[in-house]
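This briefing covers how the parts of the structure shown here are arranged and where they touch.

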Amino acid sequence: MNIRLDKKSLRYGVELPQNKLMAQSPIELAPLPEMVTIPLEENVGAASETLVNKGDKVLTGQKITDSDEFDSVPMHATVSGEVTSITTAINPSTGQAMKVIAITSDGEDKWVELQPCPNPEAISSEEILKAVREAGVVDADGITSLAHVKLLPPKDKKIDTVILNGYEWEPYVTSDHRVMLEYGEKVLSGLNIMKKVLSPVNVYVAIGDNKEDAMDSLEELIVKAGYDFKITPIKAGYPLGDEKTLIKTVVNREVLIGGLAADVGVVVYNVSTAKAIHEAIYEGKPYIERVVTVTGTVGNPKNLLVRFGTPVKNLIEYCGGITEEGSEVIIGGPMTGISQFDPDSPIFSDTNCVLVKVSQPIMDMDCISCGHCIEVCPMKLMPTLYPKYVKVGRYNECATAYIDICTECGVCAYTCPANIPIVQYVRVAKKELSRRMGKE
Amino acid sequence: MTPEMEFKVSPSPHLWRGRSTSKIMYLTLLALLLPTAAGIYFFGYRALLVILVSVSFAVLTEVLVKKLRGRPFVMDGSAIITGLLLALVLPPTIPLWMVAVGSVFSIAIVKEAFGGLGHNIFNPVLGGRAFLTACFSVEMTTWIKPMGFAADAIITTTPLGENFVWSWRWAARLDLYKDMFLGDTAGSIGTTSALLILIGGGILLALKLIDWRVPLAFVGTVAVLSLVMGADPILQMLAGGLMLGAFFMATDPVTSPITHRGRIIFAVGCGVLTIIIRRFGGMPEGVYYAILFMNAVTPLIDRYVKVRPFGFQKAVQSAT
């Protein structure tokens, strides 16, 4: 049986310089930080209650927040040590205030006793959901969905397809690539657990064709373990990692405006999430670390396994420091990542990359109506309209031009001859619109 | 890293393709050099003078008007293109002071008075040419035979002015086709050589600076309509400013629609109006006015021709 399907290609977007310099560099363990800041509202789940107080001693993997809601996940201490403060800090990706728990490490990394599921092969769906929730697994899908919530789609939706997203669309980023190469067995086992719960007809592993080695090794592992998975190679291009375009490319179904992937019978998971689900079931390990690519103008770029809450400055220091004057520190890839002003900004569950890059000035000239942004937009919007509307305060017209389905992938601004920061205008408009919605 | 280190910040994306407005302008200028060379070859020093006057007045006017408006002048090449294109659509014998007047009008009124590059409704070149035609109709319609760098000019008519144009007797004019294709015929400075305009247009298409739909739909509409109306389609395609207009003017991003479908509507409209003016209008050439009219319709086209967003149609169906 043929495991590898025909190559699919993306119909919109652009080809970007890849710059995946760290693709062949093995994952290293990042040194334990002396302090971590764990954001309490980093994912889309409901707010949780704090289980620890200032001065409490905690162990690595110990639950520090939880709630009774199904639609939320507990957070865990990512180092052992003492809770130094429960305070507010600035969210590095939105600039808003957020509640954080700061833990000072004792340097010993004493773990709580992990409780793997007793019989992982014969486990029931309910037990899987419970274990995944308990481990606090958050899907790195760009919107920080909760992994166990995705495993329980609404009753009236029949899921027939699961897609594992190993496309890794952004230049520079190689963390998912390394996860597939080095944790292939865990990834596939995690995917098998998802398959058990969702019982889909088809399971696809979508991988960019710039990761031939990952495809080969996963193909081998699939054959060896006898899984019923298919590998879908996808021509490298950008953007294609967000759920909707990936579903369109792999199974040619279009998610409606305002709709969910489940509406078209598809669930998409990131490869790192599959690994985390495997670890939650087989090892009872909470989700407290992930692979982060640290690259760009640093002395010694690396792929690192990093505990959540680690300050970004620690990673940069460990990788040899910033080598160029006028660099900016970006959490995330070059297309969607956010520049940081605070060296203490913590690594989140959706941080796949820390990119240090010489900052380019933005010119923001007049639009010449060339229409390139319309040609490349994966959501087939008319990005050129948004800056024009925002400049004169016509926010409602942004809404009627479907600004809410914009994924802020950045191809419009990338291709714009006038160098207009279109995405930034989109963010301004979205924020103003949501503020007005809140008032009404 | 020192603790007091400051980080720079900028909005995402942090990559830029780098094909800036001015790069687009200079590449277009490069492609325009081919019909310019043809114009100088066929019409000699006179053509060169018209070009120099037009370009220098265009750039000077841009500098001056920017100063008056209190805006920074950016040498993005757009004023050079306007000046050069205006020269290319003027007759070689036009008095130089008229060239200067046209050039100043193009930049100061048609372009800058509307807000400058990106904000003008009408193509500055065509606005300037229409102004000159209205003011100096005799000088704007006096044509000479291509004489190269020879001294004396012989007054003649353009192929479109011939009385056989709107008849069916068009089978055996191979010599005329050849002259018109190469450019050895009477006409505006840069519009006579279809060959070099096609090569220049090909460069623009290869670099993806213009949308292929526009010249194809424009020239195609003219060809089909001339056949329908009993005229020689090959002559109609090669004559007048059609080739230059279709590749270098109707494709101006600022004054043409922004969507693919809108551009097709725009280009077909240009073709229809061209034939109507050529056949029924008071002047032999209609390309320039056709594009100007369609420039005026462009905001309307852009208002109603939109792109269907991802997941749109089905959303409407499920809602009803």
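The centres of domain 1 of chain A and domain 2 of chain A, taken over C-alpha atoms, are separated by 30 Å. The model is a predicted one.

**Domains of chain A**

- Domain 1 of chain A covers 120-283, and domain 2 covers 372-439.
- Where the two domains meet, domain 1 of chain A supplies 5 residues and domain 2 of chain A supplies 6 residues.
- On the side of domain 1 of chain A that touches domain 2 of chain A, 3 residues are nonpolar, 1 is polar and 1 is charged.

**Contact between chain A and chain B**

- Chain B puts 35 residues in contact with 57 residues of chain A.
- On the chain B side, the elements that give two or more residues are α1 (21-69) and α13 (312-319) of chain B.
- The largest share of that side comes from α13(B), with 4 residues.
- By class, the side of chain B that touches chain A is made up of 18 nonpolar, 11 polar and 6 charged residues.

**Helix pair in chain A**

- Helix α4 (residues 184-198) of chain A and helix α5 (residues 212-225) of chain A have axes that come within 10 Å and cross at roughly 55°.
- α4(A) and α5(A) are therefore oblique to each other.
- The crossing in which α4(A) passes α5(A) is right-handed.
- From α4(A), the residues in this contact are A:Gly184, A:Glu185 and A:Leu188; they meet A:Ser217, A:Leu218, A:Leu221, A:Ile222 and A:Ala225 of α5(A).
- This contact of α4(A) with α5(A) has 5 nonpolar residues, 2 polar and 1 charged.

**Helix pair in chain B**

- Helix α2 (residues 78-88) of chain B packs against helix α4 (residues 124-135) of chain B at an angle of about 40°, and their axes are 9 Å apart.
- That angle makes α2(B) oblique to α4(B).
- α2(B) passes α4(B) in a crossing that is right-handed.
- α2(B) contributes B:Thr82, B:Leu85 and B:Leu86, which meet B:Pro124, B:Val125, B:Gly128 and B:Arg129 in α4(B).
- By class, the contact of α2(B) with α4(B) comprises 4 nonpolar, 2 polar and 1 charged residues.

Note on methods:
Residues numbered from 1 in each chain as written. Chains lettered and ligands numbered in written order. Predicted model: local features only at pLDDT ≥ 70, side-chain atom pairs only at ≥ 80, totals over all residues. Domains from an automatic or database assignment. Contact = placed C-beta atoms within 7 Å. Nonpolar A, V, L, I, M, F, W, Y, C, P; charged D, E, K, R; others polar. Axes fitted to C-alpha atoms, helices over the stretch in contact; angles between N-to-C directions. Parallel < 35°, antiparallel > 145°, perpendicular 65-115°, else oblique. Left-handed = near helix turned anticlockwise from the far one by under 90°.
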